Amino acid sequence: MNAEFAVKMQGITKYFGDFCALKEVELAVRAGTIHSILGENGAGKTTLMNILYGFYTCDSGKIFVHGSEQEISTPKDAINLGIGMVHQHFMLVEPYTVLQNIILGDETTKIPGIIDYKKARRKIEGLAQAYHFNIDLDAKIQDITVGMQQRVEIMKALYRGAEILILDEPTSVLTPQEIDELIDIMHSMVKNGKTIVIITHKLAEIMKSSDECTVIRKGKNVASVKIEDTSENELAELMVGRKVHFTVEKENRKTGEVIFSVDRLTVEDDRGITKVNDISFGIRAGEIFGIAGVDGNGQQELFEAIASLRKAKTGSIHMKGVNITNTSPREMFENGICVIPEDRQKSGLVLEFTVAENMVLEKIGRAPFSRHGLLDLKKIRKNATDLIREYDVRPEHCEDTRAGALSGGNQQKAIIARAISNDPDLLIAVQPTRGLDVGAIEFVHKAIVGQRNQGKAILLISLELEEVLKLSDRIAVLYNGKFADILDAKDADENRIGLLMAGGKNDENA
Amino acid sequence: MKMRELIKKPATGILLAILIGFVAGAVVLAVAGFNPLEAYGALFRGVFSKPKYIAQVIIKSTPIILTGISFVVAFKSGLFNIGGEGQYIMGALTAVIVGGKLELPPGLHFVVVIIMAMIMSGLLGAFVGVLKTRFGVHEVISCVMLNWIMLYLSNFLITTEWLKKPGTEASIEANTSAWSVVLNSWKTSDAGMEQLANSNSPMAEVLLKTDFNYGILVAVLIAVGVYFLYKNTTKGYELRAVGINQHASQLAGISVNKNVILSMAISAAIAGLAGALTITGVMPHRVTQLATHEGYGFAGISVALIGGCSPIGSIFSGLFYSMLTYGSASIQSEVGAASEIMDIVIGVIIYMIAISSLFIMLANRKKTAGCAAGKRKAEKHG
């Protein structure tokens with residue numbers, strides 16, 4: 001059946017436990033168009049697409065593909081319906097060639113057990129020509145760029161006969177040139193009758209590539225707009241949304257000396273690509289310095305360089321006059337810097353340890369928690385008891401509970417309790433409210449502002465624009481490894497920052 | 001519900017695994033035409049009917065308890081020390097050299113021997129750690145290679161004039177001053193021999209007919225020491241933290257590399273101690289030419305797994321393992337079934353322990369999976 005809509009999703013609702021990820025979401029994707037799904041991190045974009053691709057089943061709602069209602073409960077169902085998905089993190093076998101990866105799991109055979117490489121190669125070459133793919137079938141995955149790897153993923157989907165292609169944050173790992181090439185490929189695919197859904201929060205790319213855009217915020221539909229009728233400004237406002245702020249009590253106080261400074265810092269990622277490009281800034285005592293930006297613009301590398309987890313290529317980092325560039329996390333801690341890391345389970349907590357053990361992770365070697373290399377288990381436990389009460393970590397009396405058994409919000413509370421109990425001069429908070437519910441977010445925000453009010457310096461790195469705006473005294477917008485601008489909080493608003501985040505020019509703001 | 005809680009306890013899983021192991025052994029025995037009850041009866045008689053049998057089980061358990069603890073130490077830091085064999089040989093070799101070449105007072109000599117053996121094998125382990133942290137060589141690869149390097153190094157050294165005992169395929173013996181045999185000088189003196197020969201006490205039998213030695217005490221001390229290390233010391237805390245979560249440890253200022261090297265060193269030193277105690281404690285107190293490994297290191301992995309990867313647990317599982325292997329000889333002599341039947345039992349036990357986490361998973365599984373899809377189907381049809 002040749003329907004107007006390639007995909008129609010009606011009243012999609014999905015709960016994870018008590019958390020409502022999607023509520024009555026509608027999506028209508030016209031056949032032969034590029035349709036963007038826009039939203040902040042955690043808005044539910046990927047969940048919606050995972051439902052379409054059969055990774056999750058929705059609790060209620062209907063899915064129509066090419067006009068007929070379908071039940072998609074596994075990715076296999078989706079593939080059979082001609083739906084393909086390219087994930088943010090590629091699923092490729094590194095030592096295999098491009099050709100082998102493309103046919104993996106769907107090998108054409110001459111006689112059972114013998115792969116017909118020639119036939120597969122002809123088919124892929126045909127597809128590559130049709131969509132203007134430049135792809136070397138005999139290169140090994142480990143030797144090609146991420147942009148190429150992405151093309152292999154797209155080719156994998158096309159090879160399986162995908163008519164509808166879902167791309168999850170396709171540009172987050174690409175260089176600007178690779179992004180342009182990807183957009184070209186997308187356009188040629190649409191010309192050949194394919195339908196593309198892309199999940200993204202980069203405004204410029206939506207404007208450049210898409211025909212229509214559905215905006216989702218906190219699991220609900222906000223708007224569906226035609227790109228020709230909208231602007232980056234409008235999309236930014238729709239994405240970030242609410243005019244209403246939950247403001248946090250922030251005392252007006254005079255900031256102190258600059259205690260932490262980064263000078264002309266340049267950092268490369270593992271592939272040798274410059275991710276932080278000649279950045280300089282300083283943070284004063286009693287100030288929250290927020291860094292906003294879309295994921296993948298150098299936040300991670302910047303943080304890792306500050307924490308000495310990654311070598312800075314050039315430039316220096318000073319804490320209270322001490323050069324801590326390329327030293328060690330221990331050195332950073334000794335100089336009064338504590339971290340609330342982005343991934344609490346990976347970098348924040350030792351999940352198999354008890355809460356009490358986790359509460360002393362950085363200072364286990366110090367009195368009163370240990371003397372002469374022997375632990376004082378009573379003091380360690382007492383410390384946890386006090387912090388659990390003060391920061392309301394639940395369940396009550398969880399000193400001896402495995403940290404992994406706590407809920408995400410309580411894990412984060414434990415990390416914040418630990419960081420603040422170290423009494424740092426600089427607190428670095430990376431995505432401190434990722435995945436938390438509203439109550440926990442408020443708690444975290446209050447704790448951070450409380451530190452500021454006590455005259456501590458705070459470096460806040462967050463992908464949540466609202467969070468950066470709400471907490472920061474000054475805001476830097478990281479785009480492509482550079483600060484697009486550094487604004488005073490009073491001069492900043494969602495539109496202006498949103499535009500800068502998406503690479504727009506500051507002066508375009510009307 | 002109560003069943004579920006019970007299944008989740010690790011000890012339950014281990015006991016269940018042991019039970020299944022014996023059942024599997026019984027099935028194999030029955031298929032082969034033997035009466036399983038008779039065979040297991042022979043096994044237990046072979047272990048418990050005479051004090052000297054019990055003593056033998058304890059003597060033979062000493063090295064594998066230690067290689068078991070050795071494996072546990074590395075495992076706590078997230079490392080797979082499969083190099084127990086090589087480290088054991090390093091310990092034994094060092095013990096023979098220090099025990100045979102040095103002249104020291106009794107007691108002190110023994111202490112010097114085991115300390116030197118632990119240092120040498122500890123260095124071997126540290127080398128593995130350095131290879132891993134500096135050059136990214138996986139410890140399993142380097143350990144397996146070192147197992148063979150140590151075997152041939154030992155075989156080579158004991159053919160040299162310096163270490164060879166003339167007229168044999170073996171090394172010189174450790175001097176009696178380095179021995180850890182219980183009451184050794186007394187029981188070999190004339191008065192002692194006479195008294196033992198005329199005594200009917202079980203202890204006399206043990207002393208006369210076995211190499212009963214202090215090794216087991218050292219093994220227990222090491223087990224308690226390692227338990228204390230992890231429970232009560234800063235180092236132990238760091239070693240465990242690094243084993244569970246490198247990222248968080250590193251960010252908290254705990255050096256991953258240093259602790260990986262240290263963990264391998266401690267682990268290897270304990271495996272080396274096992275080798276040294278065999279030299280000091282058991283006849284013939286020397287190293288012989290070997291075609292392949294003796295298997296103490298590998299047995300240690302089994303012991304550690306059966307012992308729930310705990311140092312104290314390794315004492316009991318080491319005794320258990322030793323009991324099965326020692327008693328299996330009686331199955332062969334009394335019932336006629338091959339003693340390898342016990343290898344099957346041990347193999348099955350380890351498989352069962354390995355998959356006991358699966359039992360836990362099954363017990364944990366709630367009936368949520370497929371629920372949403374089912375509900376939707378129901379709605380559609382309704």
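Here are some questions and answers on a predicted model with chains A and B.

Q: How many helices and strands are there in chain A?
A: Let us start with the parts of this chain. Both kinds of element are present in chain A, and the count is 17 helices and 22 strands.

Q: What radius of gyration does chain A have, and why does it agree with a compact globule?
A: The C-alpha trace of chain A spans about 70 × 55 × 50 Å along its principal axes. For 510 residues, a compact globule would have a radius of gyration near 24 Å. Chain A agrees with that because its own value is 25 Å.

Q: Which residue is the bridge partner of Ile37(A) in β9(A)?
A: Strand β3 (residues 34–38) of chain A pairs with strand β9 (residues 212–217) of chain A. The two run in the parallel sense, over four bridges. Within this pairing, the partner of Ile37(A) is Thr214(A).

Q: Is α4(A) roughly parallel or roughly perpendicular to α5(A)?
A: Helix α4 (residues 117–130) of chain A packs against α5(A) with the axes 11 Å apart and an angle of about 110°. Angles of 65 to 115 degrees count as roughly perpendicular. Therefore α4(A) is, relative to α5(A), roughly perpendicular.

Q: How many nonpolar residues are in the contact of α4(A) with α5(A)?
A: On the α4(A) side are Lys123(A), Ile124(A) and Leu127(A), and on the α5(A) side are Met155(A), Leu158(A) and Tyr159(A). The crossing of the two helices is right-handed. By class, the contact has one charged residue, no polar ones, and a nonpolar count of five.

Q: Which residue of β14(A) stands opposite Thr266(A)?
A: Strand β11 (residues 258–268) of chain A pairs with strand β14 (residues 312–319) of chain A over six bridges. Their sense is antiparallel. In this pair, Thr266(A) faces Thr314(A).

Q: Which residue in the turn between β14(A) and β15(A) has a positive phi?
A: Strand β15 (residues 322–323) of chain A runs antiparallel to β14(A), joined by two bridges. Met319(A) stands opposite Val322(A) there. The two strands form a hairpin with two residues between them, and the residue with a phi of about 45° is Lys320(A).

Q: What does the twist average in the open sheet β16-β19-β20-β13-β21-β22 of chain A?
A: This open sheet has six strands with mixed pairing. Its edges are β16 (337–340) and β22 (482–488) of chain A. From one strand to the next, the twist averages 15°.

Q: Which residue of β22(A) stands opposite Ile475(A)?
A: Strand β21 (residues 474–479) of chain A is joined to β22(A) by six bridges, and the two run antiparallel. Opposite Ile475(A) stands Leu487(A).

Q: At about what angle does helix α9 of chain A run to β19(A)?
A: Helix α9 (residues 299–306) of chain A lies across β13 (288–292), β19 (426–430), β20 (457–461) and β21 of chain A. The angle between α9 and β19(A) is about 150°.

Q: Why is α3(B) oblique to α16(B)?
A: In chain B, helix α3 (residues 36–48) and helix α16 (residues 311–335) pack with their axes 7 Å apart. α3(B) is oblique to α16(B) because their angle is about 120°.

Q: Which helix of chain B gives the largest share of the side that touches chain A?
A: Contact between the chains involves 17 residues of chain B and 27 residues of chain A. In chain B, α12 (234–244), α13 (246–251) and α19 (371–381) each supply at least two residues of that side. The largest share, five residues, comes from α12(B).

Terms used: Residues are numbered from 1 along each chain as its sequence is written. Chains are lettered from A and ligands numbered from 1 in the order in which they are written. This is a predicted model: local features need pLDDT of at least 70, side-chain atom pairs count only at pLDDT 80 or more; totals for chains, interfaces and linings use all residues. Axes are lines fitted to C-alpha atoms, for helices over the stretch in contact, and angles run from 0 to 180 degrees between N-to-C directions. Angles under 35 degrees count as roughly parallel, over 145 as roughly antiparallel, 65 to 115 as roughly perpendicular and the rest as oblique. Two residues are in contact if their C-beta atoms, placed from the backbone, lie within 7 Å. Two strands pair if DSSP finds at least two bridges between them. The radius of gyration is taken over C-alpha atoms; the globule rule is 2.2 Å times the number of residues to the power 0.38. A crossing is left-handed if the near helix is turned anticlockwise from the far one by less than a right angle, and right-handed if clockwise. Ala, Val, Leu, Ile, Met, Phe, Trp, Tyr, Cys and Pro count as nonpolar, Asp, Glu, Lys and Arg as charged, and the others, Gly among them, as polar.
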